[in-house]
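Please look at the structure below, then read the notes by topic.

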Amino acid sequence: DITNNSAGYLWAPNGQINLVSVASPGEINLSDLNTNSFAKLGNITAQGYSIALEGKGGFLVEGENYLVDPGGTIIIRGGKLFFEHNHLSARGNPGGSVSIQGEQLHLDDTDINTGTHGAVNHPGTAVDINVTGDVLLTNGSEIASSSYGAGRAGDVRITAGNIQLGDDDPATSLQTSIGFYGDIGSRSFGSGRGGDVYITADNLTVKNGFFINTAALSWGDAGNV
């Protein structure tokens, strides 16, 4: 298993971060990080200690200047995946990508940001989540791939057995005071087009203020859901 209980950051500017946990014999090919040959996967847990942004832990592949440098890649493979008070960022010009495969995924007060800054179009999918079981987003968690310049934002693709978005009790959500309960989306903040959002699941529940959207907030086009 892999565990990180701190507010520290693992940072690979314009690079790649691989987190792979397996719990049975086998071999990982570093070219594709495929885990299909393993009978059992390990768990990955990352917990920051504070709900304040400066207290969150995280995994960063954005450049030292994300307005100029392209974003990198974060690849996560495992069984049960739990991220609490965490920040996964692949911002850049264009934005990078986050690829997650596992059996279960729970994001709690955690955001994934692959924003595209500048004029370069994102090459395709920015966030790709493929989970055989449940996906759960709570306490204002967010998955966002937006455009902040002339470049097109990347797409968001989520595939799971069951997806639950939002808290059981909105009154206890960490960001209730500002009326934010979490979202999945892609926005256009400039002239670039927003990305598309694809969600495939046997069951999808969106509740208590959580929302899924694409939006044109300036003069660029929104994407599709």
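Strand S11 (111-113) and strand S14 (142-144) each contribute at least two residues to the lining of the largest pocket. The model is predicted: local features need pLDDT of at least 70, side-chain atom pairs count only at pLDDT 80 or more, and totals for chains, interfaces and linings use all residues. Residues are numbered from 1 along each chain as its sequence is written, and side-chain values use heavy atoms, with hydrogens and water left out. Strands (E, at least two residues) and helices (H or I, at least four) are DSSP runs, numbered from the N terminus.

**The largest pocket**

- A pocket is found on a 1 Å grid over the protein atoms alone, as an open set of points where a 1.4 Å probe fits, with protein on both sides within 12 Å along at least five of seven lines; lining residues have an atom within 4 Å of a point.
- The largest pocket holds about 260 Å³ of space, the volume being the space filled by probe spheres set on the points, which are joined across faces, edges and corners.
- Its lining is made of 16 residues, and His87, Asp111, Asn113, Glu142 and Ala144 lie nearest the centre.
- With three residues, S11 gives the most to this lining.
- Six lining residues are nonpolar, six are polar and four are charged; Ala, Val, Leu, Ile, Met, Phe, Trp, Tyr, Cys and Pro count as nonpolar, Asp, Glu, Lys and Arg as charged, and the others, Gly among them, as polar.

**Strand S7 and its partners**

- Two strands pair if DSSP finds at least two bridges between them.
- Strand S7 (residues 80-84) runs parallel to strand S4 (residues 44-47), and four bridges join them.
- S7 also runs parallel to strand S10 (residues 104-108), with five bridges between the two.
- Leucine 81 in S7 stands opposite isoleucine 44, and its bridge partner in S10 is leucine 105.

**Lysine 80**

- Lysine 80 belongs to strand S7.
- Its relative accessible area is 46%, so lysine 80 is partly exposed (buried is under 20%, exposed over 50%, partly exposed in between, with a 1.4 Å probe and protein chains only).
- From lysine 80 to asparagine 43 the C-alpha to C-alpha distance is 4.8 Å, although they are 37 residues apart in sequence.
- Beyond its neighbours within four places in sequence, lysine 80 is in contact with Gly42, Asn43, Ile44, Glu103 and Gln104, where contact means heavy atoms within 4.5 Å.

**Loop residues and backbone**

- Histidine 85 sits in the loop between S7 and strand S8 (86-89), and phi of histidine 85 is near 50°, a positive value in a residue other than glycine.
- Histidine 85 counts as buried because its relative accessibility is 10%.
- The side chains of histidine 85 and aspartate 109 make a polar contact (2.7 Å), that is, a pair of N or O atoms within 3.5 Å; within protein, one must be able to donate a hydrogen and the other to accept it, and residues adjacent in sequence count only if both atoms are side-chain atoms.
- Leucine 33, in the loop between strand S3 (16-20) and S4, has a positive phi near 55°.
- Leucine 33 is buried, since its relative accessible area is 3%.
- Asparagine 93 and proline 94 are joined by a cis peptide bond, with omega about 0°; proline 94 is in the loop between S8 and strand S9 (97-102).
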